[in-house]
Amino acid sequence: MAGWLKAMADLRPGLESAGLALVALALLLTAPPPRIDARMPETVRYIDVDAGLETVLSDPGAGQPLAYRSIERPETTGWLVWDDVPIAQDGPPPAISTSGPFSATLWFNGVRIGEKGQPGATPADETAGPIDSLFAVPARLIEPDGNQLVMRLSSHRAGYTPYSLVQSLFVMPYSSETRRSVRYYLPLVILGAGLVALALAFALRSRRLGDGRGIWLSVSLAGLTLAGLAEISRAMINYPYDWHQPRQALSLLGLALFGLALLRFAQSRWTATGRLAWIWMGATGLVALTGLLALTGYDAKSAAVTASLISSAVVWIAWRGDGPARAMAVGLAIIPLYALALPSDLIDRGVYALVVGLLALPAIRWPDLLQPVPVAPPEILALQATGRLTRLACPDIVHLTAAGNYTEVHTRAGVTHLDNRNLSALLDLLPDAFVRVHRSHAVNLAYVEALTSEVGSRYQIVLATRTSIPASRREVAGLRERLAGRKA
């Protein structure tokens with residue numbers, strides 16, 4: 001029982017972080033959306049031909065019944081008909097609100113009430129309208145029932161195939177403000193302030209500790225902040241719809257930076273030997289790029305990129321991290337699952353809430369989980385052999401050689417000691433000056449006098465004790481950089 005309690009106590013930082021992420025998930029799934037007094041159609045009739053207004057008005061059965069979000073981009077122009085628009089003759093002045101990457105002309109009960117840009121059968125004929133539009137409905141046009149909205153639309157300037165051409169269509173009280181309501185992005189604004197505070201906290205702690213690994217966390221959160229600003233910009237600027245693709249691309253770029261930097265932080269915080277980290281990064285990037293190219297619609301692209309990058313970070317932490325890190329990875333795993341289940345909500349608020357929930361607690365209460373205080377390298381290495389413990393000063397050790405499950409430790413005095421641990425285990429205990437140069441050899445850089453190449457791309461390290469150690473080709477480039485830095 002005592003052992004179990006100790007294990008739980010050791011996992012506590014990661015468990016609390018994962019728990020806070022689960023609380024954030026519960027709030028995301030249960031919190032009501034911002035309340036807007038709006039009425040939208042269950043279905044509309046869609047006519048995907050360049051018909052005239054009279055043709056559309058004269059045939060009440062024309063078109064295919066669809067949910068308005070299912071309308072695809074027409075080749076030339078198309079017609080949307082909303083029958084039985086629910087507008088009362090009394091009450092506040094009503095308006096038709098619509099948004100999306102298209103241009104349109106609107107008629108209410110056969111009378112034109114406004115234009116969202118200028119639709120046209122060809123790109124030359126079309127003028128891109130604003131992404132969001134609001135059209136007042138004159139009281140004189142409103143009938144007790146049977147009101148009809150007709151919309152001629154085109155979309156030649158989107159630059160991509162939108163996942164949803166008509167993003168919104170509803171009746172609401174009239175307002176002079178045509179931009180998307182700031183209330184829609186209020187959770188993101190609040191969470192964005194938390195992201196900025198966390199990024200600054202990680203950067204300041206990195207500077208104080210002299211450990212640059214935490215900067216990757218700040219870069220990751222900066223990418224997420226960029227994505228959030230791209231989303232919020234819609235409430236700030238009612239831009240022409242042909243700007244929608246650059247805006248979404250900026251959001252996608254921010255999410256990609258977030259995922260890549262978080263993965264790089266995980267690799268630098270919980271390290272692996274050799275070039276594995278870069279191979280892992282390249283394979284992850286390839287998977288993310290495949291999803292980016294295979295899917296249509298920026299919501300789907302953003303969700304796929306985010307899910308692949310964060311999943312890779314989760315697997316890396318679960319593999320290389322300790323117990324608390326693995327527990328925290330459970331919370332981190334919520335992000336890719338949420339991305340696949342609710343891609344649009346992930347971009348609007350989900351990823352920001354989950355990241356703040358996951359990282360805020362470690363940053364405040366368990367800072368060593370993500371940014372540990374650097375441990376000074378040991379001056380003494382305690383060698384363990386059967387029935388004997390020998391203490392050696394680390395500067396006296398020249399090189400180490402693997403000998404099966406044991407390790408030979410060679411000193412500058414010419415004495416060889418045997419330790420019953422393997423080479424990797426000893427290197428984890430030694431200062432950074434000790435570098436693995438071969439599967440079976442590691443050297444103290446302070447004793448390296450020369451690096452020579454021989455026939456057949458073979459390399460040898462000459463030590464101050466006149467001993468030659470083989471170096472593998474894959475380690476030579478990094479070794480040269482370390483030696484050049486030491487000599488500088």
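1. Ser440 counts as buried, because its relative accessibility is 18% (buried means under 20% relative accessible area, exposed over 50%, partly exposed in between, with a 1.4 Å probe and protein chains only). Ser440 sits in the loop between strand 15 (434–438) and strand 16 (441–444). Leaving aside residues up to four places away in sequence, Ser440 touches Leu400, Thr401, Ala402 and Leu423. Contact here means heavy atoms within 4.5 Å.

2. A word on the basis. This is a predicted model, in which local features need pLDDT of at least 70 and side-chain atom pairs count only at pLDDT 80 or more, while totals for chains, interfaces and linings use all residues. Residues are numbered from 1 along each chain as its sequence is written, and side-chain values use heavy atoms, with hydrogens and water left out. Helices (H or I, at least four residues) and strands (E, at least two) are DSSP runs, numbered from the N terminus.

3. Strand 10 (residues 380–385) and strand 11 (residues 388–393) run antiparallel, joined by 6 bridges. Two strands pair if DSSP finds at least two bridges between them. Ala382 has Arg391 of strand 11 as its bridge partner. The two strands form a hairpin with 2 residues between them. In the turn, Gly387 has a positive phi of about 75 degrees.

4. Strand 4 (residues 94–99) pairs with strand 7 over 5 bridges, in the antiparallel sense. Ser97 has Leu134 of strand 7 as its bridge partner.

5. Now a helix pair. Helix 4 (residues 215–236) and helix 10 (residues 343–364) pack at an angle of about 155 degrees, and their axes are 10 Å apart. Axes are lines fitted to C-alpha atoms, for helices over the stretch in contact, and angles run from 0 to 180 degrees between N-to-C directions. Helix 4 and helix 10 are therefore roughly antiparallel (over 145 degrees; under 35 is roughly parallel, 65 to 115 roughly perpendicular, the rest oblique).

6. Which residues of helix 4 and helix 10 make the contact? Helix 4 supplies Leu217, Leu221, Leu224, Ala227, Gly228 and Glu231. Helix 10 supplies Ile347, Asp348, Val351, Tyr352, Val355 and Leu359.
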